[in-house]
Amino acid sequence: INLTYAGYNAMAAGDKSYVDDTISSAKKAEELIEAGTAPKSFAPFKNKPEALAWIYYIEGNLVTTRDKKAGAVSIYKATLFESPIKENALPYNMIALYYEDEYNKLGNALKTKLASRPVNEAEAAALEERVKQALDLMLDAYARSSKKADAENAANKDALKSRLAQVYKFVKKTDEGLSEYVGYITKTPLPDPSKF
């Protein structure tokens with residue numbers, strides 16, 4: 001726990017030399033804590049859920065630059081525990097950015113597939129469904145991020161609200177119903193990126 005936290009602080013201060021060690025420490029801490037091995041103290045965190053949330057969050061932040069899906073999965077796990085992370089907009093925004101990246105990649109793959117002759121209709125339809133799923137999941141994550149940013153009066157709340165409105169209008173073809181959508185979606189469980 002302490003090595004993970006120290007490594008994260010070192011990187012926040014600009015020292016990137018401990019990335020691999022910090023990721024390894026995070027994975028080992030997650031493994032031990034999830035298996036039931038508890039330290040005498042979860043310091044610098046107040047309890048087990050907060051420690052796990054931060055460890056998954058730190059791992060997700062560091063892994064994202066190498067593997068966006070693995071990073072999103074760790075960030076998702078961080079949001080499952082009662083902690084300040086669960087109430088912060090950033091984890092949900094990071095997940096939204098993962099889906100946005102996937103949407104762009106899949107969209108480009110679909111354009112390439114449709115441009116090829118002859119078009120394999122079944123493959124194109126399957127790819128089109130994946131594009132739609134990525135877009136829906138991106139919208140879901142932006143809705144959560146925007147609501148959390150608004151609740152905490154975050155500096156970037158207007159930017160997140162604007163991005164949510166853009167994605168919502170693109171998906172729904174209207175501005176109407178956005179607040180109802182946000183109210184509904186934030187009462188449902190956050191989808192697990194590992195299942196996408």
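**Salt bridges and accessibility**

A search of the whole structure finds 15 salt bridges. The model is predicted, so local features need pLDDT of at least 70 and side-chain atom pairs count only at pLDDT 80 or more, while totals for chains, interfaces and linings use all residues. Residues are numbered from 1 along each chain as its sequence is written, and side-chain values use heavy atoms, with hydrogens and water left out.

Q: Why is the contact between Lys-148 and Glu-87 called a salt bridge?
A: A salt bridge requires a side-chain nitrogen of Lys or Arg within 4 Å of a carboxyl oxygen of Asp or Glu. The N to O distance between Lys-148 and Glu-87 is 3.0 Å, and the pair therefore qualifies.

Q: What makes this a link between distant parts of the chain?
A: Lys-148 lies in helix H6 (residues 121-151), and Glu-87 in the loop between helix H4 (68-78) and helix H5 (89-115), 61 residues apart. Helices here are DSSP runs of H or I with at least four residues, numbered from the N terminus.

Q: Why is Glu-87 called partly exposed?
A: Buried means under 20% relative accessible area, exposed over 50%, and partly exposed in between (1.4 Å probe, protein chains only). Glu-87 has 43% relative accessibility and is therefore partly exposed.

Q: How do you know that Asp-136 and Lys-132 are separated by about one helical turn?
A: The two residues are four residues apart in helix H6, which means about one helical turn.
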